[in-house]
Amino acid sequence: MENSAKEDYKIQSFDMETQKLLKTALKEPSSVDLEKVSNVIVDQSLKDQVFSKEAGRICYTIVQAEAKANNGNVFRRNLLNRLQQEFKAREETRNRSLQEWVCYVTFICNIFDYLKVNNMPMMALVHPVYDCLFRLAQSDSLQNEEEVDCLVLQLHRIGDQLEKMNVQRMDELFHLLRDGFLLHEGLNSMARLLLLEILEFRAGGWRLSDTAQKYYYSEVAD
C-alpha cells in the first residue's frame with residue numbers, strides 16, 4: 001500500500017486524464033495504449049528533473065505488471081525504442097537545452113538501474129549509457145557544473161553495475177576523468193572536488209571511506 005502511494009505521488013504533476021492513464025498502466029497495462037504510456041513517461045522525464053530520477057520505478061512496475069498478466073513486453077519494447085530515438089538525437093538535444101540533456105542521461109541511467117532481465121542489466125542499454133557518460137566527460141561538458149554533477153551522480157548510482165558489464169569502457173572513462181581533473185584548466189573548484197571524489201570513490205571499490213566522506217561532504221556543504 002505504501003508503495004502504491006509513492007507511485008501516486010510521482011504522477012501528481014500530470015493532468016487528471018494522464019494520471020488516470022498511468023494509474024491504469026501500473027495495475028492493468030494490457031487495457032491501455034502502452035506506446036502512449038511510454039511516450040508520456042519519456043516526455044515528462046525530459047523536462048522534469050525530479051521525475052527523471054524516479055521514472056525508473058514506475059517503468060519497472062509497469063514491466064512487472066505486464067509480464068505477470070500475459071508475459072508481455074510491449075511497454076518495454078516501446079520504451080527502449082523511444083530511448084533509442086532520443087539517444088540518436090542526443091547532441092542536438094544538448095545543443096538545444098542542457099537541462100533536457102541532463103534529464104535524458106538521468107532517465108536512461110535510471111532505466112538501466114531498474115529494468116533487469118534475469119536480474120542482470122539490459123545489454124541493449126550498456127553502450128548507450130556509456131556513450132552518454134563519455135559525452136559528459138568531454139572537456140566542454142566538464143566546464144558545466146550541471147553536467148559534472150549529473151555524471152558523478154550517475155556513477156554513484158550505477159557505476160558498479162556498469163563496470164561489471166564492461167570494465168574496459170569504465171577504465172577508458174576514468175582515464176578521461178583523470179585527464180580532465182589533471183589537465184583541464186577551465187574547471188571550477190566544485191567540478192574539481194566532484195571529479196576528485198568520484199576518482200576516489202571508484203578506487204575504493206565504489207565506496208568512500210568514512211574520512212573521505214566527511215571531507216567531501218563538508219566541503220560541498222561549505
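**The largest pocket**

Tutor: α4 (49-70) and β1 (116-117) each supply at least two residues of the lining of the largest pocket. Helices (H or I, at least four residues) and strands (E, at least two) are DSSP runs, numbered from the N terminus. The model is predicted: local features need pLDDT of at least 70, side-chain atom pairs count only at pLDDT 80 or more, and totals for chains, interfaces and linings use all residues. Residues are numbered from 1 along each chain as its sequence is written, and side-chain values use heavy atoms, with hydrogens and water left out.

The lining has 15 residues. Val63, Gln64, Ala67, Arg76 and Lys116 lie nearest the centre. α4 gives the most to the lining, with 5 residues. By class, the lining holds 6 nonpolar, 6 polar and 3 charged residues. Ala, Val, Leu, Ile, Met, Phe, Trp, Tyr, Cys and Pro count as nonpolar, Asp, Glu, Lys and Arg as charged, and the others, Gly among them, as polar.

The volume of the largest pocket is about 250 Å³. That is the space filled by probe spheres set on grid points joined across faces, edges and corners. A pocket is an open set of points, on a 1 Å grid over the protein atoms alone, where a 1.4 Å probe fits, with protein on both sides within 12 Å along at least five of seven lines; lining residues have an atom within 4 Å of a point.

As for confidence, pLDDT (the predictor's confidence in each residue, from 0 to 100) averages 91 over the protein. Of the residues, 93% score at least 70. Over residues 1-7 the pLDDT is below 50.

Note on methods:
Contact = heavy atoms within 4.5 Å.
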